Amino acid sequence: MDNTRIYRMSFAGVYPHYIQKAEKKGRTKEEVDEIIFWLTGYDIPALQQLIADKTDFEHFFSQAPHFNTNATKITGVICGYRIENIEDPLVQKVRYLDKLIDELAKGKSMEKILRK
């Protein structure tokens with residue numbers, strides 16, 4: 001699988017889709033942000049700067065202040081791939097985020113999404 005497209009994809013280009021997906025199901029932008037903060041350790045100003053800079057996913061995850069160690073508890077299938085079997089670390093991190101947003105849109109509680 002050629003992952004270079006994922007590496008170069010702009011986080012700012014995908015972020016509105018995360019929000020849109022959540023809002024269609026009655027969830028909020030704040031909940032999407034909370035998931036991102038939990039997973040990466042970013043805060044609001046840092047997230048806004050990443051979006052303004054059109055940071056790609058490679059740098060979005062490599063510069064994350066604190067990638068949550070509980071991310072390994074995120075399991076299941078996303079886009080036809082079992083998350084825990086994805087070998088490329090960056091692709092796995094992107095899929096972790098995708099899975100969390102999917103769980104939000106499916107109505108799971110934030111406590112369960114954030115693996116508390």
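Because the model is predicted, local features need pLDDT of at least 70 and side-chain atom pairs count only at pLDDT 80 or more, while totals for chains, interfaces and linings use all residues. Residues are numbered from 1 along each chain as its sequence is written, and side-chain values use heavy atoms, with hydrogens and water left out.

The aromatic residues come first. A pair of aromatic rings is described by the distance of the centres and the angle of the planes. Here rings of Phe, Tyr and Trp (its six-membered ring) pair if their centres lie within 6.5 Å; planes under 30 degrees apart are stacked, those over 60 are edge-to-face, and the rest are tilted. The count by this rule is 9 aromatic pairs. One of them is the stacked pair of Phe-11 and Phe-60, with 4.1 Å centre to centre and 10° between the planes. This pair links distant parts of the chain, since Phe-11 is in helix 2 (residues 11-24) and Phe-60 is in helix 5 (residues 57-62), 49 residues apart. Helices here are DSSP runs (H or I, at least four residues), numbered from the N terminus. Phe-11 has a relative accessible area of 0% and is therefore buried; Phe-60, also at 0%, counts as buried. Buried means under 20% relative accessible area, exposed over 50%, and partly exposed in between (1.4 Å probe, protein chains only).

Phe-61 and Phe-67 form an edge-to-face pair, with 6.1 Å centre to centre and 75° between the planes. Phe-61 is buried at 4%, whereas Phe-67 is partly exposed at 22%. Ring pairs join these residues with others into a cluster of Phe-11, Tyr-15, Tyr-42, Phe-57, Phe-60, Phe-61, Phe-67 and Tyr-96. Phe-67 also has a charge over its ring: the charged end of Lys-93 sits 4.8 Å from the ring centre. For this, NZ of Lys or CZ of Arg must be within 6 Å of the ring centre and within 35 degrees of the ring normal.

Lys-93 and Tyr-96 also take part in the contact of helix 6 with helix 3. Across it, Glu-31, Val-32, Ile-35, Ile-36, Trp-38 and Leu-39 in helix 3 meet Lys-93, Tyr-96, Leu-97, Leu-100, Ile-101 and Leu-104 in helix 6, where contact means heavy atoms within 4.5 Å. By class, these are 10 nonpolar, no polar and 2 charged residues. Nonpolar covers Ala, Val, Leu, Ile, Met, Phe, Trp, Tyr, Cys and Pro, charged covers Asp, Glu, Lys and Arg, and the others, Gly among them, are polar.

Two further residues of helix 6 carry charged side chains. Lys-99 is buried, with a relative accessible area of 14%. Leaving out residues up to four places away in sequence, Lys-99 touches Ile-74, Thr-75, Gly-76, Val-77, Ile-78 and Ile-83.

Arg-115 lies in the segment after helix 7 (110-113) and is buried at 15%. Its phi is near 55°, a positive value in a residue other than glycine. Lys-54 likewise has a positive phi of about 55° without being a glycine. Lys-54 lies in the loop between helix 4 (44-52) and helix 5, and at 60% relative accessible area Lys-54 is exposed.

Definitions and conventions. Helices (H or I, at least four residues) and strands (E, at least two) are DSSP runs, numbered from the N terminus.
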